[in-house]
Amino acid sequence: MPRPLRVAIVGAGPAGIYAADALLKSEAAAAPGVSIDIFERMPAPFGLIRYGVAPDHPRIKGIITALHQVLDKPQVRLFGNVDYPNDISLDELHAFYDAVIFSTGATADRALSIPGVELDGSYGAADFVSWYDGHPDVPRTWPLEAEKVAVLGVGNVALDVARILAKTADELLPTEIPANVHDGLKANKAVEVHVFGRRGPAQAKFSPMELRELDHSPNIEVIVNPEDIDYDEGSITTRRSNKQADMVAKTLENWAIRDIGDRPHKLFLHFFESPSEILGEDGKVVGLRTERTELDGTGNVKGTGQFTT
Ligand SMILES: Cc1cc2nc3c(=O)[nH]c(=O)nc-3n(C[C@H](O)[C@H](O)[C@H](O)COP(=O)(O)OP(=O)(O)OC[C@H]3O[C@@H](n4cnc5c(N)ncnc54)[C@H](O)[C@@H]3O)c2cc1C
């Protein structure tokens with residue numbers, strides 16, 4: 001009697017679960033069908049949707065409902081707490097399955113190679129995000145003792161990190177943040193968060209909606225320096241061809257020309273500042289040195305030799 005196609009999927013993040021969904025909807029699902037086993041390192045599925053997406057983004061986290069429906073299908077089994085290759089080897093997978101799909105994501109940070117990155121008080125976003133999302137691999141407490149925090153990079157993860165640092169703990173109460181994270185954020189001393197980008201407003205990788213959302217908190221004053229609004233030929237081409245980049249640049253322009261209000265937490269978005277060194281004393285972070293950059297005509301930047309601490 002013909003048996004179903006047996007498929008193993010390693011990693012129960014959205015990629016693995018959508019792969020299962022696609023298989024169930026594919027020709028392979030015709031009789032005798034497919035049987036899918038998903039192996040996941042964590043006790044719970046959904047990868048970075050659970051442990052990466054910020055708690056105040058319930059709309060994004062909502063895709064868990066669709067992923068859940070796939071896991072509920074009778075042809076799909078989920079095995080949590082199974083770490084490939086420590087708990088199950090490729091030979092074992094080959095022995096029992098016709099095909100193996102690896103969808104283990106990209107959970108670690110890319111190293112930043114500037115002096116001082118190893119100092120106490122300098123962290124990769126992946127660790128901080130894991131803390132506020134209650135990831136079991138990271139400690140349950142986080143030292144939020146700094147009054148001024150620098151966030152390096154101008155993408156959506158930088159926005160998440162900056163927003164969580166600048167919001168009050170109580171603003172996050174309606175979300176699913178764990179109690180230890182609420183307690184930790186209550187003790188957060190940060191009153192200024194500075195986000196740094198090497199290039200300009202047209203090159204920022206923010207999504208327009210996530211950027212505008214920064215301004216919705218009654219506790220966050222978003223500040224952009226008018227001198228940081230600059231475009232070259234390359235930037236203008238980018239804005240013409242990329243609607244999202246254009247919307248981001250427009251939002252930043254509007255923020256640069258408005259008066260600064262009196263919301264208690266200041267969130268500065270700096271452009272054309274390339275982090276060159278994290279400064280330390282007694283092994284601890286005490287500052288950041290950046291080099292001013294300028295556009296070179298193509299949308300890239302070059303250093304000007306002008307440094308700020
Ligand atoms: C901080 C942050 C915020 C984000 N916010 C958004 C957002 O707002 N909107 C948005 O659309 N996207 C967002 N993303 C991106 C989104 O989360 C990812 O694109 C998506 O989760 C990638 O899916 P994936 O299945 O490839 O990987 P993952 O979600 O990383 O899933 C991989 C899975 O594989 C498991 N795994 C890893 N190694 C092994 C192993 N050896 N054995 C078994 N299992 C293993 C992991 O535990 C995990 O469950 C964000 C990402 C981050 C980091």
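## Sheets and ligand shell

Strand β10 (residues 284–295) runs antiparallel to β11, and five bridges join the two. A quick word on terms: strands (E, at least two residues) and helices (H or I, at least four) are DSSP runs, numbered from the N terminus, and two strands pair if DSSP finds at least two bridges between them.

Before going on, note that this is a predicted model, where local features need pLDDT of at least 70 and side-chain atom pairs count only at pLDDT 80 or more, while totals for chains, interfaces and linings use all residues. Residues are numbered from 1 along each chain as its sequence is written, and side-chain values use heavy atoms, with hydrogens and water left out.

Back to β10: it belongs to an open sheet of three strands, ordered β9-β10-β11 with antiparallel pairing. β9 (273–281) and β11 (301–308) are at the edges with a single partner strand each, so one side of each has no neighbour in the sheet.

There's also an open sheet of four strands, this one with parallel pairing and the order β3-β2-β1-β4. Here β3 (76–79) and β4 (99–102) hold the edges, each with a single partner strand, so one side of each is left without a neighbour in the sheet. Strand β1 (residues 5–10) pairs with β4 in the parallel sense over four bridges, and valine 7 sits opposite alanine 99 in β4.

Now for the ligand. It is surrounded by 27 residues, the closest being Ala15, Glu40, Arg41, Leu48 and Tyr84; a residue counts as near if one of its heavy atoms lies within 4 Å. By type, the shell splits into 14 nonpolar, eight polar and five charged residues. Helices α1 (14–25), α2 (47–51) and α7 (156–166) each supply at least two shell residues, and α2 gives the largest share, three residues. Domain 1 (5–102) and domain 2 (125–308) each contribute at least three residues to the shell; these bounds come from an automatic or database domain assignment.

| Residue | Protein atom | Ligand atom | Distance |
|---|---|---|---|
| proline 14 | polar backbone atom | oxygen | 3.2 Å |
| glycine 47 | backbone N or O atom | oxygen | 3.5 Å |
| aspartate 83 | polar side-chain atom | nitrogen | 3.2 Å |

Taken alone, the ligand exposes 990 Å², and the protein buries 74% of that (Shrake-Rupley method, 1.4 Å probe).

Methods
Polar contact = N/O pair within 3.5 Å; in protein donor to acceptor, adjacent residues only side chain to side chain. Nonpolar A, V, L, I, M, F, W, Y, C, P; charged D, E, K, R; others polar.
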